[in-house]
Amino acid sequence: MSASPSRSRGSPSPPAHRTTWLLEVVWVLIGLPLVVLTWRRFQLSGLLCCLLAAHALVLALGGHYTYAQVPLGEWVQDGLGLSRNPYDRFGHLMQGFVPAVLVRELLSRTSPLRGSRWLAPLTVCACLAFSAVFEMFEWAAAVIGGQAADAFLATQGAVWDTQWDMLCALIGATVSLLLLSKWHDRQLNRLAI
């Protein structure tokens, strides 16, 4: 197959839906400048920076193709014989996994919760609250955009998609805290020095 005359070989393709792309990457467009502007006063741990970069890539890929059509998810769908593209579920796991470290870092560094037994449950609660707000944001987009919002919602016909999304965020936040808390504490101790 030859390259189209309007695009040179190897040039990036435009997003599948520009509005969907913007809605998905708005968090990166807001977050990156915020991190840069506050870096001298509030340097983030290396772990958090790596996780934020990974999450930005997940959001950008989901926004570019729409979550229901990300090729990586289609390969997993075909390979495992799934009825839907699982990239959306992965995105919502990340929606809990990465913000858990972000919230934990902010609470550890700006509140008396560091070392408290309340740090983990409050972190999970904050992640669930963010997930619920995001689901309301999706609902508002659906009401305002009608069928045009289908690519953003990526429900793929799942009646309980909202509940599954929040469950994935809960699982992501919980797994993140279980796997990364000790490593994160070591990095926070280095930042304090």
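Biologist: What is a nonpolar core?

Modeller: In this predicted model, residues join a core through side-chain atoms within 4.5 Å. Each member must also be buried, with under 20% relative accessible area. A nonpolar core is thus a set of buried Ala, Val, Leu, Ile, Met, Phe, Trp, Tyr and Cys residues.

Biologist: Which residues have the most contacts inside the largest nonpolar core?

Modeller: In soluble globular proteins, nonpolar side chains tend to be buried together. Here the largest nonpolar core has 14 residues, and the elements giving two or more residues to this core are H2 and H4. The residues with the most contacts inside the core are Leu-51, Val-101 and Leu-180.

Biologist: Which residues does Leu-180 touch, leaving aside those up to four places away in sequence?

Modeller: Leu-180 is among the residues with the most contacts inside the largest core. Beyond four places away in sequence, Leu-180 touches Leu-47, Leu-51, Phe-97 and Val-101.

Biologist: How is H1 oriented relative to H2: roughly parallel or roughly antiparallel?

Modeller: Helix H1 (residues 18–38) and helix H2 (residues 46–65) have axes 8 Å apart and pack at an angle of about 170°. Angles over 145 degrees count as roughly antiparallel. Therefore H1 is, relative to H2, roughly antiparallel.

Biologist: How is H4 oriented relative to H7: roughly perpendicular or oblique?

Modeller: The axes of helix H4 (residues 87–110) and helix H7 (residues 161–192) cross at roughly 40° and come within 6 Å. Roughly perpendicular requires 65 to 115 degrees, and roughly parallel requires under 35. Therefore the orientation of H4 to H7 is oblique.

Notes. Residues numbered from 1 in each chain as written. Predicted model: local features only at pLDDT ≥ 70, side-chain atom pairs only at ≥ 80, totals over all residues. Heavy atoms only, no water. Axes fitted to C-alpha atoms, helices over the stretch in contact; angles between N-to-C directions. Helix = DSSP H or I, 4+ residues; strand = E, 2+ residues; numbered from the N terminus. Buried < 20%, exposed > 50% of the residue type's maximum accessible area, 1.4 Å probe, protein only. Contact = heavy atoms within 4.5 Å.
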